[in-house]
Structure formats: structure tokens, C-alpha cells
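Trainee: I've got this model open and a few things I'd like to talk through. Can we start with a charged side chain and then move on to how the domains meet?
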Amino acid sequence: MTEDTKFHHGDAQDQKPIIRMVDIQKHFGSVIALAGVSFDLKPGECHCLLGDNGAGKSTFIKTMSGVHKPTAGEIFFEDKPMHFEDPRDAISAGIATVHQHLAMIPLMSVSRNFFMGNEPTRKVAGINFFDKKLADEITMEEMRKMGINLRGPDQAVGTLSGGERQTVAIARAVHFGAKILILDEPTSALGVRQTSNVLATIDKVRSQGVGVVFISHNVRHALAVGDRFTVLNRGQTLGTAKRGEISPEELQDLMAGGQELAQLEGSLGGTV
Amino acid sequence: MAESAQSAIGSDERIKEISPLRRALIRPELGGMVGTVAVFTFFLLFAFDSGMFTAQGAMNWSVVSAQFMIIAVGACLLMIAGEFDLSVGSMIGFAGMMIAIFSVTLSWPVWMAILVTFALCVSIGAVNGYIVVRTGLPSFIVTLAFLFILRGFTIYLPQTIERKTIIGGIRDVAEGDWLASVFGGKIGQGFFVWLGDNGLIETFERGTRAGQPVVDGIPMLLVWAAVIIIFGHVLLTKTKFGNWIFAAGGDAEAARNSGVPVNRVKILMFMFTAFCATVFATCQVMEFGSAGADRGLLKEFEAIIAVVIGGALLTGGYGSVLGAALGALIFGVVQQGLFFAGVESSLFRVFLGVILLGAVILNTYIRRIITGER
């Protein structure tokens with residue numbers, strides 16, 4: 001599984017992280033959702049965040065995208081301490097989240113969806129008009145880069161498959177300047193073919209220097225595309241492994257709760 | 001894995017080529033276009049000699065259609081933004097009555113009466129919209145409440161003030177008023193005199209107006225209809241805001257996630273619908289010279305029918321202003337055409353029902369092709 005992919009995996013391991021989150025804690029009243037999670041992401045890498053349901057994956061990425069404020073811990077964005085007041089701050093800093101429930105409207109065309117909320121305008125006689133021609137051109141270009149051949153920019157999103165919709169959402173985030181792309185279980189509802197399309201998209205995005213946080217509970221999908229793997233369990237980091245240092249079975253066991261923790265300690269480089 | 005990804009890219013063998021003709025036809029307005037052709041063919045065949053296609057006859061159904069168009073454009077944009085306004089008919093009655101009360105009873109200048117009425121009605125539209133977006137209640141219920149509230153005031157106010165339900169005498173006070181002529185006047189009189197002199201349209205043969213053309217100008221109502229249609233169409237298809245209207249109606253949550261100010265869009269569309277209703281009312285009051293408490297009854301449904309014939313989706317996010325205008329044209333032509341053809345007027349409803357059903361079935365089929373709905 002790890003050998004048969006042709007994705008070129010991060011050559012960028014020596015670069016400085018775009019974002020570094022140190023010992024993040026998040027308490028909701030008496031519930032400790034995150035009990036000290038550390039995580040970092042470099043440009044052009046795909047860092048997989050794995051964990052079973054309730055492990056704290058969602059809470060953690062919501063902290064990263066500015067939805068939650070951490071109870072304790074520090075976030076460094078491009079080496080500067082960062083305090084996101086709300087998701088808008090995170091978005092303008094370049095952190096884009098593509099949710100399971102996509103921000104796509106099936107009845108509208110791909111190009112109208114692509115530029116929804118960020119429409120390019122062109123002044124004619126002092127009035128701002130929606131520059132449809134420019135929007136169509138950019139959309140076709142971006143989609144071609146991602147390997148989706150549209151019938152035309154007017155094709156409705158409803159006619160695309162689930163994987164293609166994910167790809168449109170990802171391409172949109174990247175086009176509007178995302179430095180970090182958080183993908184929340186992008187493959188969980190997709191078939192095999194569509195999943196491979198999304199994984200190919202992640203690879204293309206990564207090669208443009210965008211850091212990708214890939215949240216999944218599917219070890220196979222994660223191993224196919226990830227450069228590093230961090231496993232969360234019960235609000236804590238069980239460890240971070242580099243590609244090639246860990247087998248699917250070991251990752252699976254870690255996610256399941258680390259019953260074979262002692263056995264894995266070696267392969268994880270003592271980070272447990 | 002990567003190889004399967006590569007082969008999935010490239011041209012998809014499952015997408016059939018679509019012929020250019022088919023692509024040109026597949027548009028939201030198609031149902032309205034087919035309906036318009038069908039209706040005109042029908043009346044050209046069965047009512048050609050009735051006077052329906054003379055200058056006078058054409059002016060007759062044009063005016064009725066233009067009335068429908070004005071309110072249909074407002075209802076269309078609001079429906080695409082995902083909401084309904086059932087208070088349009090009551091708003092028409094209310095606006096007309098307010099103009100009458102301000103100008104006749106209170107003796108305000110007519111221009112002031114009109115401006116204050118516009119401000120009042122557009123504010124009521126904003127209140128409608130504000131309640132809908134703040135409470136999250138269906139606009140169906142909120143505007144149904146306003147249907148009764150506004151109609152109630154429209155009957156109560158003239159009865160209390162003047163002890164009657166119709167206030168007349170507006171034509172006298174509006175004489176020479178600059179703003180009244182914007183709604184009640186006519187343009188192009190010289191052109192029609194020229195047409196009459198050159199025998200292109202009939203002229204009166206006897207009476208006080210002998211020699212004058214039978215149609216003496218284009219009523220401002222038609223101008224308003226044209227302006228509102230063009231404005232609505234350009235707004236919807238050519239501007240950033242138009243994209244937001246589609247987005248707000250297509251999926252409000254997804255639109256919000258992408259940074260579209262959904263609440264503002266919806267409230268503005270409620271205000272625009274109220275504006276259109278007030279334009280309708282003002283033109284009507286200036287034409288009749290009076291305001292009646294029962295004006296505009298059932299107009300909300302006629303507007304919605306015209307919009308739906310025009311290809312809009314009742315649940316929002318899809319539709320066309322040009323389609324709605326064609327729907328209104330069908331409505332007006334059928335209503336007046338049956339009168340010209342000498343058909344029993346109750347059959348109007350039968351005819352309309354058949355057209356509504358046919359157009360909506362065709363539209364649903366087209367929309368499935370365009371949007372990939374199942």
C-alpha cells in the first residue's frame with residue numbers, strides 16, 4: 001500500500017512549519033476534550049490527523065481554524081504567536097477548511113459556485129458588473145489543473161460527482177490563497193474511484209506548496225497520500241510518525257486505542 | 001491507485017455530447033417561451049378577426065400583461081432568494097389607499113403622497129424580511145399574516161376617515177403633478193400621431209377626437225414594466241449581487257459559509273417586492289383616479305403563477321426574470337384574449353390551469369437536465 005503510490009512525497013521536510021501548535025488544551029466545562037496536543041505543518045506536506053470517533057479530531061481542527069479558542073497552549077503561525085478571535089481571522093490568515101458538508105450549491109453553475117462570495121467585478125459606466133467571462137476562464141483553468149474536464153463553466157455543480165465537488169471546493173480554497181488546507185474527512189462518503197480523485201487532488205495541491213491537514217479515520221486513505229501521521233486518542237497525541245516508518249496495521253492499532261503501545265514504541269521513534 | 005485516478009481524469013466517456021441546438025434550448029425560460037408561442041398561435045388562429053391584434057387590442061393586453069410583469073419580477077427575485085411574499089396583493093391595495101388618503105384626505109401634494117407611500121411600503125417589506133430572517137419562520141406564514149394585517153388596514157382606514165371604501169378624486173389633485181405623470185402619464189404621443197397620420201394605425205373617424213390615433217401614447221405602466229424587467233434581469237445575471245440571490249436561495253447555510261450576506265440579500269428582496277407592488281398600485285391609482293379597498297386581491301398568487309410558468313423553482317435558487325416576464329405575458333394575453341374571442345370568461349381559469357400545468361411539467365424536465373437533480 002505504501003509503495004504502490006506514485007505521489008511524490010514531501011521533499012520539503014526541512015522547511016520551517018507554517019503553523020505550530022504546542023500543547024493545546026481545550027476544556028468544555030468539566031469535559032477535557034483536548035489534553036495537550038502538539039502538531040505542526042510544513043508547506044507542501046500532507047499531515048494526516050487520525051483518530052477514532054471522539055478522539056478530539058474535530059475539536060482540534062476547530063481550534064486551528066479559529067472556531068474554538070484553546071484553554072491552554074500556544075499557536076505559532078509563520079513563527080509568530082497567533083490568537084484567532086473567530087474563523088474570519090483564520091481564513092484571512094490563509095487557513096481554509098473544506099467541510100464534509102461542502103459549501104457548494106448544486107443548482108448553481110461551477111463558476112458561480114467557485115466565486116461565490118468573492119465575485120470578480122468589472123466596471124462598466126461606473127457600475128460594478130459580475131465579470132462572468134473572467135470567472136469562467138479562471139474556473140475552467142483551475143479545474144483543468146485539478147484534472148476535471150468540465151463540459152463548460154455553466155455546468156451545474158449538481159451534475160458533478162461527490163469527489164469532483166470536493167475537488168472544486170479544494171481548488172476554490174487554494175485559488176483564494178489558502179496556505180493551510182484542512183480537509184475534514186473528505187473521503188468518508190465517497191466510492192473508490194472518487195476517493196482516488198480526491199487523493200490525487202490533495203497531491204496536486206501539496207505540490208503547489210500548500211500544507212494539507214487531512215483528517216480521516218481510514219488508514220488506507222491516509223497512508224496513500226500522507227507524509228506524516230499523527231494519531232489522536234482520548235484528547236491526547238499518541239505520536240507522530242513519518243511516512244515509511246509505520247505500517248497500516250500499526251496505525252490501525254494506534255487508532256483503536258494503543259493496546260500494543262509498548263510494541264510500537266520503537267517504530268514511533270520514542271515519541272509516545 | 002494513482003493510475004485509476006489518472007484514468008478517471010481526462011474526458012469522461014459517460015458524458016454524452018450535447019448538440020448546440022439542444023444546448024441553446026435548454027434554459028430556464030424555455031417553458032415560458034413555448035407557452036408564449038402556443039398562446040399567440042392559438043389566438044392568431046381563433047381570434048384574429050376579433051380586434052385583438054389591432055393597435056387598440058394589442059395595447060389592451062399589453063397593459064394587463066405589464067401589470068402582471070411588474071409584480072412578477074419582484075416575486076421572481078424573491079422566490080429565487082428562497083422566500084415568498086403572500087402580502088403583495090394586500091400591499092397593492094394598501095399602497096393605493098395610502099396615496100389616496102395622503103393626497104385627497106390630507107391634501108398633501110401628490111408627489112409627497114407618492115414618496116411617503118413608497119417609503120412606508122418598502123419599510124413594511126423590510127419588516128417582513130427582518131421577521132423572516134430573525135425568527136427563521138417560513139416566509140409563507142409571516143407574509144400570510146401581513147396579507148391580513150394590510151388588507152384589514154386598507155378597509156378600516158377609509159371607512160373610519162371617509163365612511164366609504166373607495167376614495168376618488170385623485171385625478172383632480174394629481175393634475176400637473178410632476179411625479180404623478182411618471183406613473184400615470186403617457187410617452188411617445190407625437191410618434192403615434194405620426195403613425196396615425198401615415199395610416200399605419202387607425203384613427204378615430206368621428207366624435208371629438210376625430211383624426212387622432214386610437215392609441216395616443218405608451219402608458220408609463222409599460223415603461224415601468226420594461227425598466228423593472230431589465231433591471232431585474234441585469235441584477236440577477238450580470239452582477240455580484242445576483243450571484244448572492246441565487247446562493248441565498250440555493251442553500252443559505254453554504255452561502256453563509258462562503259461569506260455571502262444572506263440575511264441582507266433576503267431583506268433587500270422583500271423590499272424590492274414591496275417596491276414593485278407599490279409601483280403597480282401607484283400606476284393603477286393614477287389610471288383609475290381612485291383607490292379601492294379591494295384592489296390587488298389575489299395578485300400574490302397571480303404573480304407566483306407567472307413566476308412558476310417562467311421556470312423558477314418554488315424552493316428557490318433557480319429561475320429567470322425573463323421567464324417570469326413571459327409568464328406574465330401569457331397570463332395577460334390569455335385573460336384578455338379569451339374576452340376578445342368571446343369565450344365565456346369562466347373558462348379563463350380552465351385555460352390558465354392547463355397552461356400552468358404544461359409549463360411546469362416542461363420546466364421540471366428542463367431543470368433536471370440542467371442541474372442534474374434526480
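Trainee: Which side chain of opposite charge is nearest to B:R151?

Mentor: Keep in mind that this is a predicted model. B:R151 is buried, yet it has no salt bridge. A salt bridge needs the charged atoms within 4 Å, and the nearest side chain of opposite charge sits 5.8 Å away: that's B:E300.

Trainee: Which helix holds B:R151, and what is it in contact with beyond its neighbours in sequence?

Mentor: The helix spans residues 139-162 of chain B, and it's α7. Leaving aside neighbours within four places in sequence, the contacts of B:R151 include B:F146 and B:S90. Also among them is a run of residues: B:A293, B:D294, B:R295, B:G296 and B:L297.

Trainee: Over to chain A: what area is buried between domain 1 and domain 2?

Mentor: The assignment gives domain 1 as 19-107 + 159-264 and domain 2 as 108-155. The contact takes 18 residues from domain 1 of chain A and 17 residues from domain 2 of chain A. Carbon and sulfur atoms give 68% of the buried area, which comes to about 1500 Å².

Trainee: Which helix gives the largest share of the domain 1 side in chain A?

Mentor: Two helices of chain A, α5 (162-175) and α6 (192-207), each supply at least two residues of that side. The largest share is 6 residues, and it comes from α5(A).

Notes:
Residues numbered from 1 in each chain as written. Chains lettered and ligands numbered in written order. Predicted model: local features only at pLDDT ≥ 70, side-chain atom pairs only at ≥ 80, totals over all residues. Heavy atoms only, no water. Helix = DSSP H or I, 4+ residues; strand = E, 2+ residues; numbered from the N terminus. Buried < 20%, exposed > 50% of the residue type's maximum accessible area, 1.4 Å probe, protein only. Lys, Arg positive; Asp, Glu negative; His and termini not counted. Contact = heavy atoms within 4.5 Å. Domains from an automatic or database assignment. Buried area = accessible area lost by both parts, 1.4 Å probe.
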